[in-house]
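Work through the exercises below with the model open. Each task is followed by its solution.

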Amino acid sequence: MAILLFLTLVGYAAGLLLPLCVPARPKVQNILAHGLAGVAAVGGCCLGITGLLAAKPFEMSVPSTLPLLTFAIRLDPLASFFLLTISLVSLAASIYALGYVTKFYGRVSMSLLGSLFNGFLLSMTLVVIADNGFFFLIVWELMSLISYFLVVTEHEKSDVRYAGLFYLIMTHVGTAFILLTFLLLFQESGSFSFDAFRQPEQSLPDGMKTMVFLTALIGFGTKAGFVPLHVWLPYAHPAAPSHISALMSGVMIKTAIYALVRVCFDFFGGYFPWWWGFVVLAIGAVSAVLGVMYALMEHDLKSLLAYHSVENIGIILLGIGAGMIFHSYGFEELAALGLIAGLYHTINHAIFKALLFFGAGSLLYATHTRNMEEYGGLLRRMPWTGACFLIGAVSIAALPPTNGFISEWLVFQSLFLSYEIPSLFMKLMLPIAAAMLALTGVLALTCFAKAFGISFLALPRSSHAKHAEEVPWPMRIGMGFLAAGCVALGLAPMLAVPIMDRVTASMIGASISEKMLALGGWALTPVNVEFSSISSPVLGLVLAATAAFGLALVALHGGTRAYRYGKTWACGLNVTPRMEYSATGFVQPIKRVFSTIYQPTVKLETDFLEESRYFAKRRRFEFHIEPVFQKYLYDSVVTFMSGLAHRLRIVQAGSLHLYLAYMFVTLVMLLLLAL
Amino acid sequence: MITDQSIFQAIALTLAQAIVLISVAPAIVGLIRKVKARLQCRQGAGIFQPYADLRKLFRKQPVVSTTASWIFTATPYIVFASTLTAGLLVPVFASQMPLNFAGNILAFVYLLALGTFFLILAGLDAGSSFGGMGSSRESIVASLTEPAMIMAIFAIALAAGSTNLSTIVHKTALLEGIVTDPSSHVMALAALFIVTLAETGRVPVDNPATHLELTMIHEAMVLEYSGRYLAVMEWASGIKLLVFLTLIANVFVPWGIATRVTPVALSIGLAVYVVKVAGLAVLIGTIECMFAKLRLFRVPDLLGVAFILALLGLLFFYILRG
C-alpha cells in the first residue's frame, strides 16, 4: 500500500515540477503533465480500492519541526472511497485534457497549466487522506488557491477575473470557519491530530458541540456550495477551463461532503441530536429545488451545469441528512441506508457531472461559444460527443437504467422509510422532502431535455454550430470512459453497494449490504425487502426486450419499407433556425408558474416612427430574473462593508505626518498597557 | 415473488400481461371516443376503429424530416419500450406478478419519465415551432404531476407497507396486513385521478382530439411523425392511458383480480379487469364531455389540488392510525 501511495504522490509531484523544467514546447509539456497525472490517478484508483478492501486502516506519519503539525496520513474506508472517486474522475480528466488544452497553445503557458493541474489533483488527494487538522488546513488551502489560479487561467477576460475574485473571497470565508472548527476541537482535545478529535471518551459540552457543527457546516458548506452559500459556484466553475470545471464541480466540492461526514459520524462518533440531521435535510431539500430551478434559467451551458451541482449536492445531503436523523433515533440500519444513498449519489454525480462538463468543453472547443442559443443540430456533426452527453443527461435526470436513477431511488427509499420514526413531525417532513426530490428530478429532466434538445437537435442556430467538427480522440476517450461508468454503476449496483457498505460499516457499525441485495444480488432493496425492491439489470433487460418487441411488431406489419425524407412543415414557409424553439422560450412556462421564486422583470421599450404609432422603429426587450440570495443576503453585506470602509477612510488622509502620529499614539498606548 | 413460481410460468405470465396491455389499449381509446361521440349526439366510429387506424398507419411509408437526427426515429421505440415496461410492473389480471421484484412504484414513475424525456427531445428535433411548443408544455405539466403522483402513491403504499405494486394490490385484494383507512385512500384516489388525466393528456389538461396550436400539448410533440413511427407512438400513448387506468382500478379496487395462478382465477381476473377499465374509460369520456380544457396556466392550480389532496391523505393516515 505504501508503494501505491508513493507512486500516486510522486506521480503528481513529478507532474507538478517537470513541466516547469522542460523546454517551452507546449506539446511536450502537455503530454508530460497530463501523462504523469494519468499514471498517478491510476495509482490513486488502486490505492482507493486497496484501502476499501483492507482489514484495518493504513496509517503513516512524518513529524515536522513545527509544533502541532504532523504530516499524518490515514486511509480508512471513508477516505479510500473519496480517494477512489477523485482518482477516477482525475484519470478521465487527464486523458481529456490531452486533447482539450491544445486550444490554449500559444495563449496560455502550458507548463503552468499542466503543473497547476497536477498540484490541484495532489492537493485534493491529500485533503481526503490527511489525518491531522493542521495538515488538513494546509492542503485544503492549497486546493483552494490552486483552483483559484486555475479559474483565472483566461485572466485577460474581465468576467473571469471577477469570478476568480468572488471565489477567492468566498473560499476564504469558508476556510476561516473551518479553522474555527478545528480550533474549537483543539481547545477540548489539546491536539490537532484527528485521533484526538475522534476519541469517544472526549465529551464536548453540548453548546460547544453545536458550535463545532455549525462552524463546520458553514465552512465546508461554502465549498460544497449549498444554498445560500452557493453564489460563487455559477461564476467560478464556468470560468475555468472545462477539464478543470469538471474537476471542481465533480470532485472538489465533494471534499466538503467528505469533511462533513467525517465531522458528524467520525469526530462525534455519531452522537448528535436529531435536529442536526433535520438541518442537513432541510438545506439539502432547498438546495436541490433551488439549484435546479436556477439551472433551468441558464442558457450558458457551463453555468447551467454549475447550478446542477448545487442541486446534486442537495440530493446528497438529503441522503446524508436522512441517515443522520435515523441515526439519532437509533435506527442504525436505516442510517446506514441513508449514508449509502448519499455516498452512491456522490460517486455518481462525480462521474456524470464530469462527463457533462467534458461534453460542454467539447462544444466550446468545436464552436467557441458557451451560449446554448448559438448551438443546434450538433448531434449530426459531433455524434460521439452527442451520444456521451445524452448518456450524461439521462443519468443526471435520474432515468432508469442509469446510475443517477439508482442513487436517487435509494435516497427516496430512505426518505419513505420515515414511517418508522416515532415523531410525527419527522414522519411528515421526510415524505415532503421526498416530494421536493420528485420535483427536483422532473425539473432536472426538463433542464436536460432543454440542454440536449437545444444544443444537439434541429438546425444549427449560428455559423459556429454549422461549421462544428467532432473533437479529437483523447477528448472522446475521456468522455467515453465516464459514459461507460454511468452505465456500469446503473446496471450493476450489486457491485457498488458492498463497497459503500464498508464505509458505513466503519462509520456507523451496521453492515447492511447483505440485506440490501436480494435474490443473489439481482435485486436491490432498502434493508426491508417487503417494503420495496428494484432490479436494474432486469429492468434494462425488459426495456431491451420490449423495444425489440416494438421493432418486431413493426416488421410484422411490413415496416421494412424505407422512409422518405421531407422538409419539416412550417406553414408553407422554408424551415429556418429562427423558427425553432429557443432555450428561453422552452422554459418560459416554468418561469411563469414559479414566478414567486424567480421574481422575473421584463422591460420592453419601443421607439415608434414619428409619422405613425403603428410602426415601430426599434424595440428593446430586456429580461432578467432576481437572484434572491445575492440581492438580499450578499448585497446587503457588501453595502454595509463598503459603507463602513467609506467611513473609515477618514483616518487615511494621505499625510505622512498623520501616519507617524498614529504610530506614536499606538506606541504610547501599548507602553501604557504594558505598565 | 419469483420464488414460488417456476421460471417458465413467470415468463408466461409476463408475456400474457404484455399481450393484454398491447391488445386492449386501442380498444380503450376507441371506447372513450365512442362515449364522447354518443354524448355529443354523434354516431361515432366503432370501438375497434383504432385497430384499423394503426393497421393503415403501419402500411404507409413514413416521412422523416431532413433536419431530424437519429433521436427522432429511435424515440417511438424508446417510448413504446418504457411505457410497456412500466406497464409490466402494474398487476393487470393476476395480483402476483413475477416482475414485482424488478421495480417498485418509483421505477414505474421514472420509466414513464424516460419516455417523456425522449418525447420532449423528439418534439424539438424536427425544428418546427409546434414541436418545441409541445415539448415545453409537456415538461411543465410533467413537473407538476410528478410530486403529486409520488405523494399519492406513498399514501397508498403506507397502508400496505410496501411500495411494490404487486404487493400492494395483492395485500389489498386479500385484505391482509392492511390498515383500513378509507379517508386517506379516497384522497389519494382523487389525487391519482387528476394525475392520470394530466399524464395521459386528457381534458381538462390537454385535448387529444385537437390539432390547434393554441391547445395541443402531446399532439404537438408527435406532429412530425407519420407512418409506422406514428403508429408506434399512438399505440404507446394508448398503452400509457390503459396502464394508468389499470393502476387506479387495481390499486383502489383490486377485488376480482386473480390472487392465485389457476386457469379459473385468471379468466375471472381478466374479465373483471376488462369491465373495470371499460368503466373507467366511460367515466373519462363523460368527463371530457362535461369540462372544457383549461388554459395552460390554470393547469398548475388543478395539479396543486392533486398535490394537496395527496398530502392530506398522508396526514390523515398518520393521524387516524394514531
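**Exercise 1.** Count the residue pairs in polar contact between chain B and chain A, then look for salt bridges across the interface.

Solution. A polar contact is a pair of N or O atoms within 3.5 Å, where one must be able to donate a hydrogen and the other to accept it, and residues adjacent in sequence count only if both atoms are side-chain atoms. Between chain B and chain A there are 25 such residue pairs, both residues at pLDDT 80 or more. For a salt bridge, a side-chain nitrogen of Lys or Arg lies within 4 Å of a carboxyl oxygen of Asp or Glu. The rule finds 1 across this interface. A:Glu530 and B:Lys171 form a salt bridge, with their closest N and O atoms 3.2 Å apart.

This is a predicted model, in which local features need pLDDT of at least 70 and side-chain atom pairs pLDDT 80 or more, while totals for chains, interfaces and linings use all residues. Residues are numbered from 1 along each chain as its sequence is written, chains are lettered from A in the order in which they are written, and side-chain values use heavy atoms, without hydrogens and water.

**Exercise 2.** State how much area chain B and chain A bury between them.

Solution. Buried area is the accessible area (1.4 Å probe) that two parts lose on being put together, summed over both. Here the two chains bury about 7300 Å², with 74% of it on carbon and sulfur atoms. B:Phe101, B:Tyr110 and B:Phe117 supply 10% of the area that chain B buries against chain A, more than any other three residues.
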